[in-house]
Amino acid sequence: MSMMKRNQNGEFDHNKWLFETQGTYGYGNAYWPQDDVCGDDGEGGMHRSALDTSDKPWRPLSRVIDIPNSIISPYRLLIVVRLVVLGFFLAWRLRHPNHEAVWLWLMSVVCEVWFAFSWILDQLPKVHPINRTTDLEVLREKFDMPSPSNPTGRSDLPAADVFVSTADPEKEPPLVTANTILSILAVEYPVEKLACYVSDDGGALLTFEAMAEAASFADLWVPFCKKHDIEPRNPETYFSLKGDPTKNKSRLDFVKDRRRVKREYDEFKVRINGLPDSIRRRSEAFNAREEMKMLKHRRESGADTLEPIKVQKATWMADGTHWPGTWSVPSREHAKGDHAGILQVMLKPPSSDPLMGSSEDKLLDFSDVDIRLPMFVYMSREKRPGYDHNKKAGAMNALVRSSAVLSNGAFILNLDCDHYIYNCKALREGMCFMMDRGGEDICYIQFPQRFEGIDPSDRYANHNTVFFDGNMRALDGLQGPVYVGTGCMFRRFALYGFEPPKVDTISDKSSETQALKTTDFDPDLDVNLLPKRFGNSTLLAESIPIAEFQGRPIADHPAVKYGRPPGILRAPREPLDATTVAEAVSVISCWYEDKTEWGDRVGWIYGSVTEDVVTGYRMHNRGWRSVYCVTKRDAFRGSAPINLTDRLHQVLRWATGSVEIFFSRNNALLGTRKIKVLQRLAYLNVGVYPFTSLFLIVYCFLPALSLFSGFFIVQTLDVTFLVLLLTISICLVALALLEVKWSGVGLEEWWRNEQFWLISGTSAHLAAVVQGLLKVIAGIEISFTLTSKSAGEDVDDIYADLYLVKWTSLMIPPIVIGMVNIIAIVVAFSRTIYQTVPQWSKFIGGAFFSFWVLAHLYPFAKGLMGRRGKTPTIVFVWSGLIAITLSLLWVAVNPSNNSMPTAAGAASGFTFP
């Protein structure tokens, strides 16, 4: 028998044996026999059944990857060593004053003590950096795979709402916002679970009609992206990519489809660019018609036709009605701060089942593509004189309320209008953390900000990689990263001001997988107090426990103590009706927040320029934790100012918000016990870092004062002083190298960050402190605005804005510091040369630190020069006058001795050992 199963080479033919004997491999997940029963007989055999998800081993959706001990252990050791040596150094400095120049010694010691304190606040929260990774395949298997109980493969993922905020179509071009919206509508997420909202805080018809054009173009763009797996899904970015567009594309009709979509997109851009002129001509025509009607009415009534006709210069919509928002010529109830609330559902909620396209009713063949589009809503909240609308934070809270009524997504992703989705699976990446075991106490997922259009040298540290790849990774190992304003996915329930669920306090285990009431999460919140906290909308109050329940992880593991049953979110969404839309309009009215806790405890927090940091701090203060999600492919991309003046004003706004935080009840020193110690230090540093500018600007003048006076910060360069200083410097360099190692930041990026730290510390941070102190003490508000601009000539250069020189008062301190140090070097060098006994040791000590200051100011000086050294004359006039005044003041205060120093006299100064 065995001979019959051998092939021509005399080897056993297993395939022939299987065929002739109907043998099997057994049973398992590699192969399952086709017969109903596996085994020798029907009684003892196993009946065939499909392997359900529950039969598979449980796998987590995310993992924490610790930094290797070979890197993190020396890093922590060096922090301790530098901390100890820093203590010895400061003790030595205090015990060895410079009696010849006590004022110089005192200023330097005070600055050094503050720098040590600032370094501790910045360094200690970095002791436990971590990395995280997600498993999208496991997410798909758990939530999207067909099963016997879900044959159609409906998704069990929770709903998500995406917020996009814009305020001024002149500063934020509608085409940029439209591209961001298109990238959101094409994201890889269940269509019926996704809703996109755009907040137009300017109430401009231009933005409204641009969004309508984007919704129309999405009918073609979104199916095209899904059909050919396009990435990125921002059409402007995609069609601007360099390289072969056919790479990894296998469908034969790709080239034809891409060519057609590119043509349609070009026409779409032309329509967007032509909207301002179209709206103007339309409005002029309708206004002229109104004038003719009024003139005709006068003639019919016999009134004086020679009297001038006064007709409001209204802005008209295409259907011949007045635009309810802001008019081009502002008037009562139609101005930026005075207009009605507007809410328009531009794309209605899709059906729960896929809708396949065809090759006849579209420009392209979408016969095997789901052509459904997510819900898309335009919103402009009501604004009236006399109300504090709280800028961006107020607009975000209006979005939270209106979206709760319309779609009530359990999670909210907020993006700036210039930050688009670069990774179509970014939402799924975030869900891996929210839906994982233990994810019920995560308040938000912060993604790193990545920027486009930055000059290759990143002159002003616009990428901010030291913060996003270093500090934020370190905070992720504590209680979580801070919220930075965009690219963040929130748990809606956490935004409502509740604490994380306390699983241990729930005695009835059956309730852990059922929706609870709002009062179950806050015992102090009575049903009658709901309107006081959330307003008088019944639909909004009813949506809160639903959003909390839908945001829980699924209870697919015994360790998941607080979850929801699998499959419960597969039910279709109820369609919108007129009553629901009317309720959504009412919650965006300007009076809705009166006598409620919106902006105080609920939603985005008011009262600070940096409402983002405060909002995240309040959540951490209530015991929530956050997660930092760094994806292999950038989740989002945006734009950043590359011009020196714009960059300084950006940093000024951030620093001003930090000063406001320090002098408010959001100071981390006043936080609850629920915030961890190192997390508290990190938040304390957020409020303290601008005050470092007061000491930094003094320290930058010390080398020049040393060169002018001939004294140094120490009387004698003692061996102990030099050893301690050298040890501190070596530790600092070693810490930087190890930090570069675990964070992935380049050395050049680290150096650029150090340079801009000094530039911003002596300009924007100083202005923020002055501005904050005047506001707190005297109630005086100062705004630092642009006064003049020198434009570059090469408009074709994508980095032309880098060379623009726009004068601002923020430039004065760094310029003065640079010029004073240069003058001091020249004066000290000349004086040393003509001395009878040159004291080069005095000159070298001060000159070294002066060059250290000038090296940090190099990017600033380069920015002042522009492309060809075109610097406004006012820069040199003011800086020269201030530098000369300071020099003359020093001569008047400490006149030099006309007698030439002798060798004995020189010995009284400090000398090298």
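**Strand pairing, cores and helices in the predicted model**

E452 stands opposite S639, a residue of β17. The structure is a predicted model, in which local features need pLDDT of at least 70, side-chain atom pairs count only at pLDDT 80 or more, and totals for chains, interfaces and linings use all residues. Residues are numbered from 1 along each chain as its sequence is written, and side-chain values use heavy atoms, with hydrogens and water left out. Helices (H or I, at least four residues) and strands (E, at least two) are DSSP runs, numbered from the N terminus.

Strand β17 covers residues 636-639 and runs parallel to β14, to which two bridges join it. Two strands count as paired if DSSP finds at least two bridges between them. The three strands form an open sheet in the order β12-β17-β14, and the pairing is mixed. The edges are β12 (420-421) and β14 (451-452); each has a single partner strand, so one side of each lacks a neighbour in the sheet.

Confidence was examined next. pLDDT is the predictor's confidence in each residue, from 0 to 100. Its mean over the protein is 84, and 83% of the residues reach 70 or more. Residues 48-54 have pLDDT below 50; this stretch makes twelve contacts in the model beyond near neighbours in sequence. A contact means heavy atoms within 4.5 Å. The pLDDT is also below 50 over residues 785-795, where the model shows 22 contacts beyond near neighbours in sequence.

Strand β10 (375-380) has neighbours on two strands. It pairs with β6 (residues 194-200) in the parallel sense over five bridges. Here C196 has F376 of β10 as its bridge partner. Strand β9 (residues 342-347) runs antiparallel to β10, and five bridges join the two. The bridge partner of V345 in β10 is V377. Burial follows relative accessible area: buried is under 20%, exposed over 50%, and partly exposed in between (1.4 Å probe, protein chains only). Six of the six residues of β10 are buried, so the rest of the structure largely encloses this strand. M375, V377 and M379 point one way; F376, Y378 and S380 point the other way.

D200 is in strand β6. With 0% relative accessibility, D200 counts as buried. D200 touches T166, A167, T207, Y378, M379 and S380, leaving aside residues up to four places away in sequence. D200 and G325 lie 125 residues apart in sequence, yet their C-alpha atoms are 10.0 Å apart in space.

The largest nonpolar core holds 141 residues, of which F490, Y496 and F534 touch the most other members. Such a core is a set of buried Ala, Val, Leu, Ile, Met, Phe, Trp, Tyr and Cys residues joined through side-chain atoms within 4.5 Å. Helix α2 (residues 69-95) gives the most to this core, with ten residues. Another core, of 82 residues, lies apart from it; L220, F224, F286 and W327 are among its members. Beyond residues up to four places away in sequence, F490 touches partners including F411, M434, Y483, W604 and M619.

Two helices were compared with the expected span, 1.5 Å times one less than the number of residues. The 27 residues of α2 should span 39 Å at 1.5 Å a residue; the end C-alpha atoms are 39 Å apart, in agreement. The buried residues of α2 include I72, L86, F89 and W92. They pack against α3 (102-123) and α21 (719-743).

Helix α15 (residues 538-550) has 13 residues and reaches 19 Å from first C-alpha to last, close to the expected 18 Å. A kink of about 25° lies at I544, shortly before the proline P545. The bend at a residue is the angle between axes fitted to the seven residues ending there and the seven starting there. I544 and P545 are among the buried residues of α15. The cover over these buried residues includes α10, α13 (492-495) and α14 (530-534).

Three backbone features remain. E231 and P232 are joined by a cis peptide bond, with omega about 0°. P232 is found in the loop between α6 (205-228) and α7 (235-240). N390, a residue other than glycine, has a positive phi near 60°. N390 is placed in the loop between β10 and α10 (391-406). K391 is not a glycine either, and its phi is positive, about 50°. K391 lies in helix α10. At 69% relative accessibility, K391 counts as exposed.
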